Amino acid sequence: MGTFADGFKELKKASEPLYKTPKSIQQTIEIMKVAENGIFEVAKNRFSKCYRFQDINYTTANETEQIDIFERYCKFLNSLDVNFKITINNKNKDMEQVRDYVFLQRRDDGYNGFRRIYNNIMEQKIHEGRQGIEQERYLTITIERKNFEEAKAQFATIEASVHKAFGELGAEIVPLSGNERSKVLYDYYHLGDEGSFDFDIREAMFMSKVAVVYWSGTGNTEAMAAFVAEGAKGKGADVALLTSSGFDASMMDNYDASAFGCPSIGSEQLEESEFEPMFTSCEAKLRGKKIALFGSYGWGSNNRNRENNSRCGIS
């Protein structure tokens, strides 16, 4: 009886799930890598690019023109030998920006009362007409290629056909950059908080790994180093916070940027037992790198600051 029960428990044991439960919004989005030109790697050897296009004036055309538009549109869709999808996105407008653009601004001419009445009417019409919603249309194309360069070349070929087809339809189509695609996704997943998007792929590319290295005697420079690290993390960098004793020249190539911090010792000198030897050993690798210098307690001499900058190759 005991053997049967043990075997039954073994059979009833839960198997490994096919899909892992996502722990964040980012894990629900099928994006592995992003590029500044808007090409995203969405799976191994699968790349996508997104285009925003204008609405076609179909309803205002006469019957003959509508038939022509419909035939051209069908011809274009049939010509696409790649995976594609069309998305209609009803997004919230930045109403502060709309008000700045539409409303009459105050002036010192005695007519602000009339402007206020006009602006109130405009505000009411905006709410009545649901003008807070802006509709955008996207064409997303996905292709399979061995690497990013091949995908980039293929998208260049596809874009020529897409621009030609939409030009014949009388609609403009433009590719979205990596930052623009990221913002579309951010706005979709952060409804009501669209204005807080703060990300730049170029900055993330050039500040992907940052070392913040410091020596601190009383804790002041350590506190400064923590703030520097927090700021770099806020920009999306992968930050390592290290003391000068735990860093040397052999580690420089592991980071895209470095920040060095030390208090002023004596007559505006670097700390001599740990920080100065470490900094000297790194000096040959500092030129051409993204370097920041910070410190506490008495760095007042411009000559000394210029000397430290010169050691880093900073003019």
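Predicted model: local features only at pLDDT ≥ 70, side-chain atom pairs only at ≥ 80, totals over all residues.
## Parallel sheet

Four strands make up an open sheet with parallel pairing, arranged in the order β8-β7-β9-β10. Its edges are β8 (238–243) and β10 (290–294), each of which pairs on one side only.

Strand β9 (residues 257–261) is joined to β10 by five bridges in the parallel sense. Within this pairing, F260 has L293 of β10 as its bridge partner. Helix α9 (residues 275–282) packs on the sheet and touches β7 (209–214), β9 and β10. The direction of helix α9 makes about 150 degrees with that of β9.

## Nonpolar surface patch

Y111, F114, I117 and I121 form a nonpolar patch on the surface, and together they have about 460 Å² of accessible area. I121 belongs to helix α4 (residues 112–128). With a relative accessibility of 44%, I121 counts as partly exposed, because that class lies between the limits of 20% and 50%.

The whole structure contains nine salt bridges. One of them joins the side chains of E159 and K49, at 2.6 Å from N to O.

R137 forms a salt bridge with D55, with 3.6 Å between the closest N and O atoms. This pair also links distant parts of the chain, since R137 sits in strand β5 (residues 133–144) and D55 in the loop between β3 and α2 (63–79), 82 residues apart. R137 is buried at 16% relative accessible area, whereas D55 is partly exposed at 47%.

## Other salt bridges

K285 and D253 form a salt bridge in which the closest N and O atoms are 3.2 Å apart. The loop between α9 and β10 holds K285, and the loop between β8 and β9 holds D253; the two residues are 32 apart in the chain. K285 is partly exposed, with a relative accessible area of 32%, while D253 is exposed at 54%.

A network of salt bridges links D68, R72, K164 and E168.

Methods
Residues numbered from 1 in each chain as written. Heavy atoms only, no water. Pairing = 2+ DSSP bridges. Contact = heavy atoms within 4.5 Å. Axes fitted to C-alpha atoms, helices over the stretch in contact; angles between N-to-C directions. Patch = residues over 30% accessible without salt bridge, like charges linked within 9 Å, V, L, I, M, F, W, Y side chains within 5 Å. Areas by Shrake-Rupley, 256 points an atom, 1.4 Å probe, with all protein chains shown as cover. Salt bridge = Lys/Arg side-chain N within 4 Å of Asp/Glu carboxyl O. Buried < 20%, exposed > 50% of the residue type's maximum accessible area, 1.4 Å probe, protein only.
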